[in-house]
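Please read the following report alongside the sequence and the three-dimensional model.

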Amino acid sequence: MAAEGGRSFARRDLLLEIEAKVRIWWENEHVFRAESSDVPPGPGEKFFGNFPFPYMNGFLHLGHAFSISKLEFAAAYHRLRGANVLLPFGFHCTGMPIKASADKLAREIQQFGNPPVFPGEVECQGNQEPEVEDVNAAQPLDKFKGKKSKAVSKSSGQLYQWEIMRSLGLSDKEIPQFQDPYRWLEFFPPLAMEDLKAFGLGCDWRRTFVSTDTNQFFDSFVRWQMRKLKSMGKIVKDVRYTIYSPLDGQPCADHDRATGEGVQPQEYTLIKMEVVQPFPPKLRVLEGRRVFLAAATLRPETMYGQTNAWVLPDGKYGAFEINETDVFVLTQRAALNLAYQKYSRVPDKPTRLVELTGYDLIGLQLKSPLALNDIIYALPMLTILTDKGTGIVTSVPSDAPDDYMALHDLKSKPALRAKYGVRDDWVLPFEIVPIINIPEFGDKAAEKVCMDLKIKSQNDKEKLAEAKRLTYLKGFTEGTLLVGDFSGRKVQEAKPLIRSRLIETGEAIMYSEPEKRVVSRSGDECVVALTDQWYITYGEQEWRNLAEECLSNMNLYSDESRHGFQHTLSWLNQWACSRSFGLGTRIPWDEEYLVESLSDSTIYMAYYTIAHLLHNEDMYGTSRSPVGPEQMKDEVWDYIFCGGPYPESSGISSSILKNMKQEFDYWYPFDLRVSGKDLIQNHLTFCIYNHVAIMSKQHWPRGFRLNGHIMLNSEKMSKSTGNFRTLRQAIEEFSADATRFSLADAGDGCDDANFVFDTANAAILRLTKEISWMEEVLEANLSLRSGPPSTYADKVFANELNIAVNMTEQHYRGYMFREALKTGFYDLQAARDEYRLSCGSGGMNRDLVWRFMDVQTRLISPICPHYAEYVWRELLKKEGFVVKAGWPKSDAPDLILKSANKYLQDTIVLMRKLLHKQILGSKKASNKGAPVSQLSEDQIIGLIYVNEQFGGWKAECLRMLQSRFDSSTCTFASDVDGEVLEAIKNSSVCPGADFKKTQKLCMPFLRFKKDEAVTLGVQALELKLPFGEMEVLRENLDSIKRQIGLEDVEVLSVTNPDALARAGPLVRLIDQNPPFPGNPTAIFFRSR
């Protein structure tokens, strides 16, 4: 087993040996190469699946492997079914991360030497916990131990890049090479390919490529895509708010971020609250300027109700120069955001004229826009967060519960006023100003909700949060303005009008900042900047309509996924597609900029279809090829992908052009793209938008399958704790097939899945034991029972094989791989074990055993292909490859036979329990307990009493259920339970004296029979079971005697008086536990 502590690794090593051998078989025969045909494929005849190419700044890890496995299992299923399958794989190198890491390494070498000598010993975690995309920076061989390390910079608390490279297994001699970002492209993609081959990925590696201008063919493809979008008016230059990295000097898109993926700019209205002169001593240096406390608000319509402004007493503020006349008082963080939004005398650099604290601001007289109070004062509030907004807060106690309680505290607590030097006349004269009427809350909503919730102070955060939840949305959607020029209008109508007027009159400005903290991969905190750059016009109505049409026709396999896309389409707007820093393709018409990393990866799935014709099996596109990158002009790309005219002047031979066109037309559209659900909000939605813009409708994507993240042993995957595995580590520890087995078992759907090491270890044991069992059976082949299957056990086992084939196909088709593993392996093995036990000394049927081995090998092959291929060729001596062997044939499952066998097995378990209770006096008995002959010297005789037909109230229940069952839909009327119970209560067969007792007796029976009818159909509601109970039991008397350990056993009808007489004094046991259909009663005698 794959574990530490001196245990044997022989079984795992056997699987690793098998995997190495099988990979050679596949490679020699080019099993996974995919070739198109000049005949278009019919439905189900081809399958093209793909996966978002992983970023190449480290090794692939189990998070990658989990998503990849979903695609791999799906492709393998379709290949097994006989489809022509294309599964390609590329490597993404565009964007900031590699360039940022290379530059960081160069700075460390310049500062600390080569090899560097870092200052001091810093006891800090050696590995920070990154987001899922970044955890692939992993050791290739050793487990992460979460040790303390000196690899952390004193100044920033971040890892030195040199130490990160060491953790990847690189030597001090090799590391300096990675100052060149293109060295990363040479180093990591080939290693990733090795790991994926070891994993058993059924990939056509001829089509592999890396992104960026290193690959001139792909570079040409991206340039064509961008020119195409621009010619359609879908790329424009505009000035917009965007998340921006000051250190990198460019916008910071989702994939450029270390933290904060998905965070958008949050727009505020910045209210200019003018400080009334004379200024206090701390501000006198600003005399001659207009000084404003700048308060960010999301609710400009409430400014009529201002009674004061709030500042944080201990907060750090500054007076920042906005222009020649205006000075804003706010936090440094807000000033930095404003500087990048053109509100600073020095562009992109805030100029602080005076350093201040909140204490310096308390008591300032203010004139605030729209306030009905001519003068208000700056007062202390203890709950202000300076990492949100500007640190200056407007106070509207009529409608803001926080403001109401803070003002209430100051008014009611003289000691609090004294503590902060607040004069009475700054507070006490100011009463609530009613400005908005809200149904249920009136015109002083904050006061009412705080009183209703019994909030005591401004520190009662949970209750205040609830108060805001109750009032804010209702105030916006249902509130009516009571004051001002827009009095009488709904708040949601007045709000934009008031905001526009405040900005037009110069009493406010627009201000934006990140919704949450965003840190770029270069390590700096991002701001929101007003940038003039190239944007893709996502969200444009006509384009969005096409995207929604495409989405409506796609298979997404879960409602959660569909809702995620619908939500993204509802808000997604212009997207900055140009960058000035990093790796990638240059904007063709503005080569100062690069194409952003999410914008060059939207339709590259089409590139896979022809990559092998361009690259000559070189992922970098540098090998000699019949086509040169300079020949791939726009008219060539248009011809291949958009049905454009034949490119007469391209210089490319007509046969190659025809072949490229054929490849695309054959394989496109792709059938499935598998990804983590976090890419819905960007990459996957971009994919839809770009396909509907550039390609014809018949080439639009057909399906996305989304999954959550993966945990390891029920805990978050994290390098810092050691709970982490690269793909290479997992394969070395468990083998590829055991890793795949555990990935399949980890879970399906959009929830986070769980890779369990014990499951992987158990898979090692199961797979190797199965090989041993097959070897033993095949060696003893002649001892198996020959001839056609004939016994009851034979029929049951044959039926279980049919059920496994049918159910497993349903699960694979729905991409529910955990269920496929259950029905195609776990359940099948349980059926085999039960069959072996049922056969006894007569032995198993040879034909059925061979069919079992064939079926199980095919069904498990998508998940454990190396194991299956070895069994197929080495043990079963079959021709060809199991991965292409075809889906096993089967008859329709006999569900009645399955029910009959369940009845038989349940009866055996029941009899064993009754035997222990009656003869041995024990109430407990194992389902697989030892035969009683091993527990007693006496011989035991059993009598099984059967009642094959329901009577009394149960019969009445069934008749009423029959009349209320829709056979066409296998459903009941929604109120059927109540109707049946009422009818039973009023009938002559009512089993209880009162309704509650009737309900208690009937409901379990009703639920059971309803569920059975939904599964089996109307026959489940018959007064008799759909099979003869006595017939089933009598046909299996030998098996019952053997499994329970009886000398003899008889099956009798409880309705036969002579049979009842056989029970003698033990008839009381039958009276105590009368049999009914599906539940016989057994009694036992000792025999001397």
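## Basis of the description

This is a predicted model, in which local features need pLDDT of at least 70 and side-chain atom pairs count only at pLDDT 80 or more, while totals for chains, interfaces and linings use all residues. Residues are numbered from 1 along each chain as its sequence is written, and side-chain values use heavy atoms, with hydrogens and water left out.

## The chain as a whole

The protein chain has 34 helices and 34 strands, where helices (H or I, at least four residues) and strands (E, at least two) are DSSP runs numbered from the N terminus. Its C-alpha trace spans about 115 × 85 × 65 Å along the principal axes.

Of the 1088 residues in the protein chain, 57% are buried; buried means under 20% relative accessible area, exposed over 50%, and partly exposed in between, with a 1.4 Å probe and protein chains only. Among contacts (heavy atoms within 4.5 Å) between residues at least 6 apart in sequence, 76% join residues at least 24 apart.

## The annotated domain

UniProt, in an unreviewed entry, places the feature "domain: Aminoacyl-tRNA synthetase class Ia" at residues 25-104 and 194-753; the positions follow the numbering used here, feature names are shortened, and annotations may be inferred rather than shown by experiment. Residues 25-104 are 40% helix and 10% strand, with end C-alpha atoms 44 Å apart, and residues 194-753 are 33% helix and 20% strand, with end C-alpha atoms 26 Å apart.

An open sheet of four strands has the order 2-1-25-26, with parallel pairing, two strands being counted as paired if DSSP finds at least two bridges between them. Strand 2 (84-86) and strand 26 are the edge strands, each pairing on one side only, and neighbouring strands of the sheet are turned by 20° against each other on average, direction ignored. For such angles, axes are lines fitted to C-alpha atoms, for helices over the stretch in contact, and values run from 0 to 180 degrees between N-to-C directions.

Strand 25 (residues 672-676) has five of its five residues buried: Leu672, Val674 and Gly676 point one way, and Arg673 and Ser675 the other way. Strand 1 (residues 46-50) runs parallel to strand 25 and is joined to it by two bridges, with Gly49 opposite Leu672. Helix 16 (residues 605-615) lies across strand 1 and strand 25, running at about 115° to strand 1.

Strand 25 also pairs in the parallel sense with strand 26 (residues 704-707), over four bridges; Val674 stands opposite Arg705, and Gly676 has Asn707 as its bridge partner. The chain passes from strand 25 through helix 19 (residues 680-694) to strand 26 in a right-handed β-α-β crossover, meaning that, with the strands pointing away from the viewer, the path from the first strand over the helix to the second runs clockwise.

## Helix 32 and its cover

In helix 32 (residues 1037-1044), the buried residues are Ser1039, Ile1040, Gln1043 and Ile1044. Seen down the axis of helix 32, these residues fall within an arc of 110°, so they line one face of the helix; the arc is that of the directions from the helix axis to the C-beta atoms.

The cover of these buried residues includes helix 24 (817-839), helix 27 (895-919), strand 30 (939-946) and helix 31 (1029-1035). Just after helix 32, Gly1045 takes a positive phi of about 90°.
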